[in-house]
Amino acid sequence: MGKMDRRTSRDMIEIASVSKESQESSAYAEDGRCNDPDVNEAKLLRRIDLRVVPIISILYLLAFLDRVNISNAVLFSLKQDLKLTGDQFNTAIVVFFIPYVLLEVPCNVLLKRLGPRVWMPSCMLAFGVITVLQAFAQNFGGLVAARFFLGLAESGFYPGCFYIISMWYRREEAQKRYSFLFSSASLAGGFGGLLASAIGKLDGVRGYHGWRWIFILEGLLTVVIAIAAYFIVPDFPEKALWLKKDEKEFLEARLHEDVGQSRIQDPITFKTVLTVYKDFKIIFGPLMYLGFLVPAYSYAYFAPTIVQSLGHSVIQTQLLSVPPWACSFVFTMTIAVISDYTRRRFVFLMLCAAIGVAGLIILLLVHDNSKLQYAALYIVPIGILSAMPIGLCWYETNLGTHHRRAVGTATQVGVGNIGGIIAAYSFLAKDSPRFIAGYSICLGFTLLGMLAACGYYIAILAENGQRDRAEAENDTLSTEEKAKLGDLNPDYRYYT
């Protein structure tokens with residue numbers, strides 16, 4: 001299941017013959033792969049793993065760090081210096097998500113047009129500079145303006161990362177890479193806590209409180225890496241300069257066999273976007289991601305505050321916020337390896353989400369046992385942060401062609417990030433230290449994510465079954481037409 005293994009060798013030859021590249025050279029053998037015996041698939045994949053995944057993961061780590069380091073900065077007199085009152089800090093967090101949510105789809109269209117090598121470093125350079133400028137805010141208005149432009153700069157980055165990864169790997173290979181990339185957020189959370197505890201010791205240097213130094217130094221780090229990124233960020237496989245022609249053709253053939261033609265040469269138009277949205281299954285991915293993102297962002301932004309409410313000092317709080325992120329990284333990667341090996345997504349997503357639910361229930365009900373509460377702060381990210389990359393990978397890699405993946409990925413991330421707005425107002429200062437409302441909201445949205453996952457699972461299971469039953473019937477589509485349909489090809493089977 002999940003592979004287009006019903007296509008005959010004659011079909012693969014026909015598909016190859018209609019592509020422009022195949023007309024110029026006999027790139028494909030009868031099994032749909034490259035004729036060149038010098039192309040070693042395992043060796044090529046190792047090269048891709050070294051050139052694509054680590055670079056994109058480092059960039060994403062810094063992007064996430066710049067997004068959530070305000071949660072560490074607030075412990076170093078940010079509220080007092082900017083004279084923030086009531087829910088103004090929560091509002092500053094929310095403002096980030098307004099442009100971030102609205103511009104996801106247009107930014108992925110620009111990514112496809114400009115290419116990752118130009119688009120990704122440019123976004124990164126912009127949000128690195130803005131992070132530095134954020135350090136010089138003098139009041140609530142200045143902080144809000146900085147957060148708005150930070151969201152604007154980051155809006156094209158996050159979905160672009162997963163879009164790029166999805167265009168390099170077959171579906172049975174993707175979960176490990178998705179989870180490693182997503183786990184950069186876990187590393188950023190742990191790294192951010194350690195970095196903040198060290199940078200916080202600069203409190204008072206040159207008259208700046210520690211929170212300003214956090215923004216300055218972490219923003220400068222992003223700027224330096226962004227400049228280097230112009231020279232090292234990978235492009236799409238079809239345009240990668242570090243691949244030989246036969247290697248590109250080999251990759252095209254193996255990805256073609258999995259999901260059909262990439263159709264990178266076709267532009268994404270408004271009509272294209274509407275065509276993607278006509279598929280009712282598109283709605284499940286965004287709802288799934290929205291459900292899991294509310295507790296994930298709540299944890300990212302408010303875990304230090306929750307830890308501090310258990311009676312720890314500022315530096316202790318920063319250090320105690322690190323281990324849960326590290327444990328989450330290990331668990332996420334373990335689940336990802338098993339998921340790829342078994343080629344199953346739904347069962348592992350539900351298992352991880354159930355673990356997150358258990359942690360949230362403990363935090364919701366237990367208020368007099370600080371050790372158990374702190375243990376629950378391990379359980380929540382272990383479950384939720386493991387379920388999220390499975391939902392992303394499962395949904396996005398099931399989509400075929402550049403068009404459907406670009407639009408589907410951006411829609412999933414864009415709608416899902418409305419969860420950041422909800423999360424920002426879930427944990428209010430007046431609710432401390434019990435945060436009943438916050439934990440209840442997180443629990444409810446986690447259950448929504450699980451319900452959406454069930455809906456998607458039922459929908460693709462039914463569609464796979466329908467295609468199995470219709471397989472014996474005569475169809476009117478040519479092989480070329482089928483290849484252009486991607487996951488809408490009647491020969492295609494969705495991963496479950």
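Trainee: Where is the place of Arg 206?
Mentor: In this predicted model, Arg 206 sits in the loop between helix 14 (184-199) and helix 15 (210-232).

Trainee: Is Arg 206 buried or exposed?
Mentor: Arg 206 is exposed, as its relative accessible area is 73%. Its phi is positive, about 55°, although Arg 206 is not a glycine.

Trainee: What about the phi of Lys 83?
Mentor: Lys 83 has a positive phi of about 55° and is not a glycine either. Its location is the loop between helix 6 (78-81) and helix 7 (88-95). With a relative accessible area of 66%, Lys 83 is exposed.

Trainee: Changing topic, which helix holds Asp 340?
Mentor: Asp 340 belongs to helix 20, residues 322-342. Asp 340 has a relative accessible area of 5%, so it counts as buried, the cut-off being under 20%.

Trainee: Which residues is Asp 340 in contact with, leaving aside neighbours within four places in sequence?
Mentor: Those residues are Arg 171, Glu 172, Glu 173, Ala 174, Gln 175, Lys 176 and Arg 345. For Gln 175, the backbone nitrogen lies 3.1 Å from a polar atom of the Asp 340 side chain.

Trainee: And helix 22, how many of its residues are buried?
Mentor: In helix 22, 22 of the 28 residues are buried, so the rest of the structure largely encloses this helix.

Trainee: Lastly, what is the peptide bond from Ser 432 to Pro 433, cis or trans?
Mentor: That bond is cis, with omega near 0°. Pro 433 lies in the loop between helix 24 (418-424) and helix 25 (436-470).

Terms used:
Residues numbered from 1 in each chain as written. Predicted model: local features only at pLDDT ≥ 70, side-chain atom pairs only at ≥ 80, totals over all residues. Heavy atoms only, no water. Helix = DSSP H or I, 4+ residues; strand = E, 2+ residues; numbered from the N terminus. Buried < 20%, exposed > 50% of the residue type's maximum accessible area, 1.4 Å probe, protein only. Polar contact = N/O pair within 3.5 Å; in protein donor to acceptor, adjacent residues only side chain to side chain. Contact = heavy atoms within 4.5 Å.
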